[in-house]
Amino acid sequence: QVQVVESGGGSVQTGASLRLSCAVSGRIFSVGVMGWYRQAPGEQRELVASVASTGTTKYGPAVRGRFTVSRDYVKNTLSLRMTELKPEDSAVYYCTANVYTSGSLASRASDHWGTGTQVTVLA
């Protein structure tokens, strides 16, 4: 089985910085895209940032210019450096990874999700 575990959440003040980490472990042959999503109460889940297997990054419009995502292809970890935090950034942050568990040519990848880490930004 594949495990996805987030860490690094907490309560900070407006304008502060925070770093989140995600570790993927278990039965892994290779990993496609990895990403961060977030969800506030009563709101839809939204993309924060992602990194494709090619290294291409994408950012959600609300965090572009403030957050930086980085990926370690050897350790299968994903980090999110958040700066200039605002109360609107408060949410549960989830890590996801598209994982191949077999080297078979006919195998298919599946998405795996962590249980999330809470980020609260105080005004």
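Helices (H or I, at least four residues) and strands (E, at least two) are DSSP runs, numbered from the N terminus. The structure described here is a predicted model, in which local features need pLDDT of at least 70 and side-chain atom pairs count only at pLDDT 80 or more, while totals for chains, interfaces and linings use all residues. Residues are numbered from 1 along each chain as its sequence is written, and side-chain values use heavy atoms, with hydrogens and water left out. A search of the whole structure finds one disulfide, and the largest nonpolar core has 28 residues.

**Strand pairing and hairpins**

- Two strands are said to pair if DSSP finds at least two bridges between them.
- Strand β1 (residues 2-7) pairs with strand β3 (residues 18-26) in the antiparallel sense, over six bridges.
- Within this pairing, Gly 26 of β3 is the residue opposite Val 2.
- Strand β1 has a covered face made of Val 2, Val 4 and Glu 6, and its uncovered face holds Gln 3, Val 5 and Ser 7.
- Strands β4 and β5 are joined in the antiparallel sense by five bridges, and Gly 35 has Ser 50 in β5 as its bridge partner.
- Six residues lie between β4 and β5 in their hairpin, and Gly 42 in the turn has a positive phi of about 75°.
- Strand β5 also pairs in the antiparallel sense with strand β6 (residues 57-59), over three bridges, with Val 51 opposite Thr 57 in β6.
- The hairpin of β5 and β6 has five residues between the strands, and Gly 55 there takes a positive phi near 100°.

**The largest nonpolar core**

- A nonpolar core is a set of buried Ala, Val, Leu, Ile, Met, Phe, Trp, Tyr and Cys residues joined through side-chain atoms within 4.5 Å; buried means under 20% relative accessible area, exposed over 50%, and partly exposed in between (1.4 Å probe, protein chains only).
- In soluble globular proteins, nonpolar side chains tend to be buried together.
- In the largest core, the residues with the most contacts inside it are Trp 36, Leu 80, Met 82 and Tyr 93.
- Two or more residues of this core come from each of β1, β3, β4 (30-39), β5 (46-51), β7 (67-72), β8 (77-82), β9 (91-100) and β11 (117-122).
- Strand β9 supplies the largest share of this core, five residues.
- Leaving aside residues up to four places away in sequence, Met 82 touches Ala 16, Ser 17, Leu 18, Leu 20, Arg 66, Phe 67, Tyr 93 and Val 119, where a contact means heavy atoms within 4.5 Å.

**The disulfide**

- A disulfide is a pair of cysteine sulfur atoms within 2.5 Å; Cys 22 and Cys 95 form one, with their sulfur atoms 2.0 Å apart.
- Cys 22 lies in strand β3 and Cys 95 in strand β9, so the pair ties together parts that are 73 residues apart in sequence.
- The disulfide is left-handed because the torsion about the S-S bond of Cys 22 and Cys 95 is about -80°.
- Cys 22 is buried, with a relative accessible area of 1%, and Cys 95 is buried at 0% relative accessibility.

- Asn 76, in the loop between β7 and β8, has a positive phi of about 55° although it is not a glycine.
- Asn 76 counts as buried because its relative accessible area is 16%.
- Glu 84, in the loop between β8 and β9, is likewise not a glycine and has a positive phi of about 50°.
- Glu 84 is partly exposed, at 48% relative accessibility.

**Aromatic rings and a charge over them**

- Rings of Phe, Tyr and Trp (its six-membered ring) pair if their centres lie within 6.5 Å; planes under 30 degrees apart count as stacked, over 60 as edge-to-face and the rest as tilted.
- By this rule the structure has one aromatic pair.
- The pair consists of Tyr 37 and Trp 113 and is tilted, at 5.3 Å centre to centre and with 55° between the planes.
- Tyr 37 in strand β4 and Trp 113 in strand β10 (residues 110-113) are 76 residues apart, and their pair links distant parts of the chain.
- Tyr 37 is partly exposed, with a relative accessible area of 25%, and Trp 113 is partly exposed at 36%.
- A charge sits over a ring if NZ of Lys or CZ of Arg is within 6 Å of the ring centre and within 35 degrees of the ring normal.
- Arg 45 lies over the face of Trp 113, 4.3 Å from the ring centre, and its charged end also sits over the ring of Tyr 94, 5.4 Å from the centre of that ring.
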